[in-house]
Amino acid sequence: VALCEAAGFDVVLIETVGVGQSETIVSAMSDIFLLLLAPAGGDELQGVKRGIMEIADIILVNKADGDLKRVAMRTAADYAGALRLLRRREGDPDDFPKVLTVSALEEAGLDEVWDSLLTLATHRKDSGFWAMRRSEQARSWFEDEVRQGLLRRLRADETAEAAMARLRADV
């Protein structure tokens with residue numbers, strides 16, 4: 001992400017492999033987090049999706065077309081209802097996080113998604129939340145680099161590596 005920004009890209013999209021730990025990491029390194037879901041995915045409001053719902057800024061229910069349009073609308077309504085139960089988050093305008101329906105097939109809802117992204121980005125920049133979040137990200141990346149550097153040094157030290165091997169065996 002930092003490399004893309006340094007190359008002059010002002011919008012960088014990050015796609016993950018699915019619901020899990022990678023989304024939490026991506027959320028920590030991104031300015032706006034979108035969650036893309038298919039309609040009637042089964043356990044929509046349970047388990048792991050509940051956790052990811054809490055970090056999503058915008059939830060998109062795709063395939064809102066053809067036979068799945070009604071199901072997609074119902075799925076979106078279910079998610080919107082669940083989002084109303086979550087506490088208000090710092091940096092969000094009144095109507096965020098929000099749920100939108102989209103159809104990649106019909107290219108429907110994409111303008112509304114883009115407008116919502118711009119609205120959220122503008123609000124966060126104007127409120128100072130964007131800059132605060134970027135500062136937090138920079139501190140986190142710095143601390144991670146320090147941790148990784150210390151681990152490299154420990155692993156390069158034969159005495160420390162031998163002690164670590166003994167401790168691993170004890171554990």
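The model is predicted; local features need pLDDT of at least 70, side-chain atom pairs count only at pLDDT 80 or more, and totals for chains, interfaces and linings use all residues. Residues are numbered from 1 along each chain as its sequence is written, and side-chain values use heavy atoms, with hydrogens and water left out.

The largest pocket holds about 1200 Å³ of space. A pocket is an open set of points on a 1 Å grid over the protein atoms alone, where a 1.4 Å probe fits, with protein on both sides within 12 Å along at least five of seven lines; lining residues have an atom within 4 Å of a point. Its volume is the space filled by probe spheres set on the points. The lining counts 38 residues, and Val12, Leu13, Ile14, Ile32 and Leu34 lie nearest the centre. Helix 5 provides the largest share, seven residues. Helices (H or I, at least four residues) are DSSP runs, numbered from the N terminus. By class, 26 lining residues are nonpolar, five polar and seven charged.

The second largest pocket holds about 350 Å³. Of its 18 lining residues, Glu54, Ile55, Arg89, Glu90 and Arg133 are the closest to its centre. Helix 6 gives the most, with four residues. This lining divides into six nonpolar, two polar and 10 charged residues.

Leu13 also belongs to a nonpolar surface patch with Val11, Trp114 and Leu118. Together the four have about 440 Å² of accessible area. Patch residues have over 30% relative accessible area and no salt bridge, and nonpolar side chains are joined within 5 Å. Leu13 sits in the loop between helix 1 (2–6) and helix 2 (21–29). Its relative accessible area is 79%, so Leu13 is exposed (over 50%; buried is under 20%, partly exposed in between, with a 1.4 Å probe and protein chains only).

Seven salt bridges were counted, each a side-chain nitrogen of Lys or Arg within 4 Å of a carboxyl oxygen of Asp or Glu. Glu5, Asp31 and Arg134 are linked in a network. Arg134 meets Glu5 at 2.7 Å, N to O. Arg134 lies in helix 6 and Glu5 in helix 1, so this pair ties together parts 129 residues apart in sequence. Arg134 also bridges to Asp31, with the closest N and O atoms 2.5 Å apart. Arg134 is partly exposed at 29%, whereas Asp31 is buried at 17%.

Asp57 and Arg124 form a further salt bridge, at 2.7 Å, N to O. Both residues are buried.

Key. Patches are made of residues with over 30% relative accessible area and no salt bridge: like charges are joined within 9 Å, nonpolar side chains (Val, Leu, Ile, Met, Phe, Trp, Tyr) within 5 Å. Accessible areas come from the Shrake-Rupley method with a 1.4 Å probe; for residues, only the protein chains shown count as cover. Helices (H or I, at least four residues) and strands (E, at least two) are DSSP runs, numbered from the N terminus. Ala, Val, Leu, Ile, Met, Phe, Trp, Tyr, Cys and Pro count as nonpolar, Asp, Glu, Lys and Arg as charged, and the others, Gly among them, as polar.
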